[in-house]
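User: I am new to this structure and would like to go through it in questions and answers. Please start with a single residue and then turn to the ligand.

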Amino acid sequence: MGSGRRRVNVDVLVVGAGLAGLHTATLLARAGHQVLLAERRSRLDGAIRTTGIFVRRTLDDFALPPGSLGPPIRRVVLYPPSRRRPVTLVSERDEYRVGDMGALYLDAARTAAAAGVRVLLGTRYEGRGRSGFLLAGPEGPIRVRARFVVGADGARSRVARDLALDRNRHLLTGAEEVFAVEASARPPTFHCVLDPALAPGYLAWVVDDGRHAHVGVAGYADRFPDGMRRALARFSAAAPGLDGVQRPAGAEVERRGGPIPVGGVLGRISCVDGLLVGDAAGAVSPLTAGGLDPCLRLSEHAAAVLDDALRAGRPDPLAHYDGAALRARFRGRLALRQGLARVRTPAAAAAGFAVLRTPPGRAAARRILFGDRSFPVSR
Ligand SMILES: Cc1cc2nc3c(=O)[nH]c(=O)nc-3n(C[C@H](O)[C@H](O)[C@H](O)COP(=O)(O)OP(=O)(O)OC[C@H]3O[C@@H](n4cnc5c(N)ncnc54)[C@H](O)[C@@H]3O)c2cc1C
């Protein structure tokens with residue numbers, strides 16, 4: 001590309017090398033298009049923002065490298081604020097596996113490069129100029145002329161702003177500690193605590209698959225009684241399921257965190273110049289806050305629509321990339337999210353648990369936690 005103020009012409013500029021950007025870029029390159037992928041992080045295995053729990057439907061439908069996945073988890077334990085009389089649910093199938101996200105991102109980037117994607121790390125998307133998109137890379141500015149731009153730049157998408165598309169307004173914030181644990185006889189378990197003092201509007205969790213433990217909280221940022229960091233410290237000090245587990249300190253504990261859009265997929269996620277995928281498009285389950293399955297599925301839809309548009313030489317197919325149509329299928333989950341957001345006191349959480357302990361309550365929890373539904377994308 002030469003040096004100095006560089007200029008690059010491509011079919012598609014993808015901004016952001018999370019799973020959404022990497023997957024979309026790979027599919028487009030495999031379809032024969034010229035793709036440039038710009039990522040501001042200088043390494044893909046650093047500054048990870050997700051726990052990395054993959055659900056069964058994703059594991060069934062997407063070929064993730066098996067060596068980058070932890071042992072299967074079938075057991076979920078749900079706790080009220082008192083932690084007394086938790087509800088244990090065990091599935092007859094393998095429901096979850098925690099990804100080694102650093103390895104998964106690196107693997108996805110190798111796959112993208114092998115498909116022909118030009119991956120630029122340490123390269124920030126800075127905006128849209130009159131004659132192209134502006135990137136700032138380690139060797140200086142780059143001006144990119146692209147037929148389309150894909151905003152895969154996360155919950156607070158700059159691309160969404162520049163394309164005047166919808167933006168996430170309903171966000172949770174999450175943080176977690178991750179550390180290696182000794183193998184033991186403990187069954188791999190996902191512990192979830194419903195306590196608005198620790199995780200207002202969502203859950204506090206311990207995921208222990210026998211190799212790593214993830215201890216985290218998430219909730220509405222302005223509702224943590226004494227801030228999210230303190231909530232995490234309090235929860236971590238008395239996290240369920242880790243009695244007798246050797247806990248490392250200092251640099252052996254990885255800290256992760258970030259915003260989670262839970263307002264449902266956004267309405268306007270495409271225009272004649274490009275589209276949004278993943279968190280940028282609000283493609284996260286409003287109820288469970290899971291975004292890995294939705295980001296992979298929506299990326300396939302996005303790549304297909306862009307492929308149609310590039311082959312036709314017209315942007316018309318992008319009109320089929322319609323968040324409003326997808327949103328309609330989220331009504332139930334959005335209603336449940338509003339219900340969870342309304343749990344503001346330990347008494348309300350305890351009352352919810354009384355329902356959860358009944359057979360219909362347990363059946364409903366099993367449907368949410370072990371169900372076959374996934375992000376509904378169809379063309
Ligand atoms: C604490 C936490 C735990 C979570 N746990 C789970 C879970 O266990 N299971 C699950 O399914 N979901 C989980 N989620 C949600 C899930 O992680 C996300 O929905 C998913 O990772 C979104 O992928 P993405 O590619 O859209 O965005 P991201 O992974 O956020 O990728 C966006 C990328 O864009 C880059 N970027 C941003 N701005 C620019 C710019 N200007 N220029 C260049 N690059 C830029 C960022 O550096 C980043 O690499 C969790 C979220 C959080 C915050």
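**A buried arginine and the ligand shell**

User: In this predicted model, which side chain of opposite charge is nearest to Arg-143, and how far away is it?

Analyst: Arg-143 is buried and has no salt bridge. A salt bridge would need a side-chain nitrogen of Arg within 4 Å of a carboxyl oxygen of Asp or Glu. The nearest side chain of opposite charge is 10 Å away, and it belongs to Glu-126.

User: With which side chain does the side chain of Arg-143 make a polar contact?

Analyst: Arg-143 has its place in strand β10, residues 140-151. Its side chain makes a polar contact at 3.4 Å, and the partner is the side chain of Ser-131.

User: How much of the ligand does the protein bury?

Analyst: An N or O atom in the side chain of Glu-39 is 2.7 Å from an oxygen atom of the ligand. Backbone atoms take part too: a polar one of Thr-51 is 3.2 Å from a ligand nitrogen, and an N or O atom of Gly-291 lies 2.9 Å from a ligand nitrogen. Taken alone the ligand exposes 1,000 Å², and the share of this that the protein buries is 91%.

User: Which element gives the most residues to the shell around the ligand?

Analyst: The ligand has 32 residues around it, and Glu-39, Thr-50, Ile-53, Tyr-125 and Asp-279 come nearest. By class, the shell has 13 nonpolar, 12 polar and seven charged residues. At least two residues of the shell come from each of α1 (19-30), β8 (124-129) and β15 (254-261). The element that gives the most, with three residues, is β15.

Key: Residues numbered from 1 in each chain as written. Predicted model: local features only at pLDDT ≥ 70, side-chain atom pairs only at ≥ 80, totals over all residues. Heavy atoms only, no water. Near = heavy atom within 4 Å. Polar contact = N/O pair within 3.5 Å; in protein donor to acceptor, adjacent residues only side chain to side chain. Areas by Shrake-Rupley, 256 points an atom, 1.4 Å probe, with all protein chains shown as cover. Helix = DSSP H or I, 4+ residues; strand = E, 2+ residues; numbered from the N terminus. Nonpolar A, V, L, I, M, F, W, Y, C, P; charged D, E, K, R; others polar. Buried < 20%, exposed > 50% of the residue type's maximum accessible area, 1.4 Å probe, protein only. Lys, Arg positive; Asp, Glu negative; His and termini not counted.
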